Amino acid sequence: MSRSPSIPDRPHREIDPDLPDDERLDALRDHFEDLVDINEQLTEQLDDAEGRRQRLQEKANRVERENETLKSSSLYIATVEDVIDEEVIVKQHGNNQEVLTDVSPRLLERVEAGDRVAVNDSFGIQTILEAETDARAQAMEITERPEVDYTDIGGIDEQVQEVREAVEQPLTNPELFEEVGIDPPSGVLLHGPPGTGKTMLAKAVAHETDATFIKMAGSELVRKFIGEGSRLVRDLFEMAREREPAIIFIDEIDAVATTRTESKTSGDAEVQRTMMQLLSEMDGFEARGEIRIIAATNRFDMLDRAILRPGRFDRLIEVPEPSQEGREQILAIHTRGMNVDDEVDFAALAEETDGYSGAEIESLATEAGMFAIRNEREEVRQQDFLDALEKIEEDDSSDVISSAGYFYQ
Ligand SMILES: Nc1ncnc2c1ncn2[C@@H]1O[C@H](COP(=O)(O)OP(=O)(O)OP(=O)(O)O)[C@@H](O)[C@H]1O
């Protein structure tokens, strides 16, 4: 061990043996005092050194621990809930645990609420997952509480009522089901032509129950996220568990649940895997939980019956094209915010729009408004609606209507 440079010199004192006894004694006393003094200095230095050693040891232990945590491969995924000064609240996926954690200055500048992050065992944020890693954010549409409510939906009162019983009641009055001793429907399947309000219905339930609306489109799973379908389905349910109460809405479910075809292409295998994942998620589902599942299709005839078994999509609700009365109601809804002349005859327009879906009636209202603007008026008149009707008929509406008829029988 190297010597500390500040170690005091060893005192050296020559004592003449011929000195008288009392003088020799004094000299020896002085020498002894010098030695005591030096001893004290050395003890102090030793204490200092020991303190330094302990501090270094602690630092070494800490670095070693940090190193171990950094090297540990098991990182968990969490979502940043909030950033407060230099601390971050994260919610761990899976168990929903919320934790207040530190973040290194390097990441603090970049981290924002809503980011997906990887955390270690002690919840230290290791990385912020980039958008590309976060395919699920692109594959899902998440709305905290959609704006649509039941009063925005026209012409399908019976279906609204059925959805309220099958989806809303289990969320708002679960005890009713417990008392009677039945499980609410696991999943509700809305089927009917395009643009009839299926998505609106699902959103309105989420609005009414203050639930998060999480939408995933079956067609996108198959087309856009090739090879990731089953993982995204898993993520979809995980996301819902993180955000309960939640309404999962799987649009165009036929894309992942069509009747098995004879062909055995890799694409089909992938679709099968996605569907199997969906079925297994539904099978392992708590029927009385805070998550409800709604799916929609306009190709009911194509559906693989496996998804309709009890415990899966076991409540079917048909959402048909609106009747004349329904069309009138929808027209009234979509012109609520418009400056419409009192002379406009909604009943007559409803009669003229046989075969129109809710979505097409909405376009009719917008188109009529465009005619009013074109004619430099602020008020929308009957003639504007008739012109709009003519334009729509001339344009592509006939194609849309006939294709709707083709898809949905
Ligand atoms: N019954 C309805 N009442 C009021 N508006 C409606 C109705 N049906 C459709 N609409 C209008 O059409 C738009 C599209 O409807 P929505 O997305 O709910 O249809 P969908 O049945 O889910 O269609 P798709 O099968 O094409 O997904 C809505 O945003 C709404 O403006």
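Biologist: How many helices and strands does the chain have?
Modeller: This is a predicted model, where local features need pLDDT of at least 70, side-chain atom pairs count only at pLDDT 80 or more, and totals for chains, interfaces and linings use all residues. Residues are numbered from 1 along each chain as its sequence is written, and side-chain values use heavy atoms, with hydrogens and water left out. Elements are DSSP runs, numbered from the N terminus: helices are H or I with at least four residues, strands are E with at least two. The chain has 13 helices and 11 strands.

Biologist: What percentage of the 409 residues in the chain is buried?
Modeller: Buried means under 20% relative accessible area, exposed over 50%, and partly exposed in between, with a 1.4 Å probe and protein chains only. By that cut-off, the buried part of the 409 residues is 40%.

Biologist: Which residues does Phe-237 contact, leaving aside neighbours within four places in sequence?
Modeller: Contact means heavy atoms within 4.5 Å. On that basis, the partners of Phe-237 are Ile-248, Leu-278, Glu-281, Met-282, Phe-285 and Ile-293.

Biologist: Which residues lining the second largest pocket are closest to its centre?
Modeller: A pocket is an open set of points on a 1 Å grid over the protein atoms alone, where a 1.4 Å probe fits, with protein on both sides within 12 Å along at least five of seven lines; lining residues have an atom within 4 Å of a point. This pocket has a volume of about 360 Å³, taken as the space filled by probe spheres set on the points. Of its 26 lining residues, the closest to the centre are Gly-195, Thr-196, Gly-197, Lys-198 and Thr-199.

Biologist: Which residues does the UniProt annotation "binding site" cover?
Modeller: The entry is unreviewed, and such annotations may be inferred rather than shown by experiment. The pocket lining includes the annotated residues, His-334 among them. The record lists Gly-195, Thr-196, Gly-197, Lys-198, Thr-199, Met-200 and His-334.

Biologist: Is Lys-198 buried or exposed?
Modeller: Lys-198 is found in helix α6. Its contacts, not counting residues up to four places away, include Phe-249, Thr-297 and Val-319. Because its relative accessibility is 8%, Lys-198 counts as buried.

Biologist: Which backbone oxygen does the side chain of Lys-198 reach?
Modeller: A polar contact is a pair of N or O atoms within 3.5 Å; within protein, one must be able to donate a hydrogen and the other to accept it, and residues adjacent in sequence count only if both atoms are side-chain atoms. At 2.7 Å, the backbone oxygen reached is that of Pro-193.

Biologist: Why does Gly-195 count as partly exposed?
Modeller: Gly-195 lies in the loop between β7 (187-191) and α6 (198-208). Beyond four places in sequence, Gly-195 touches Ser-357, Gly-358 and Ala-359. Gly-195 counts as partly exposed because its relative accessibility is 32%.
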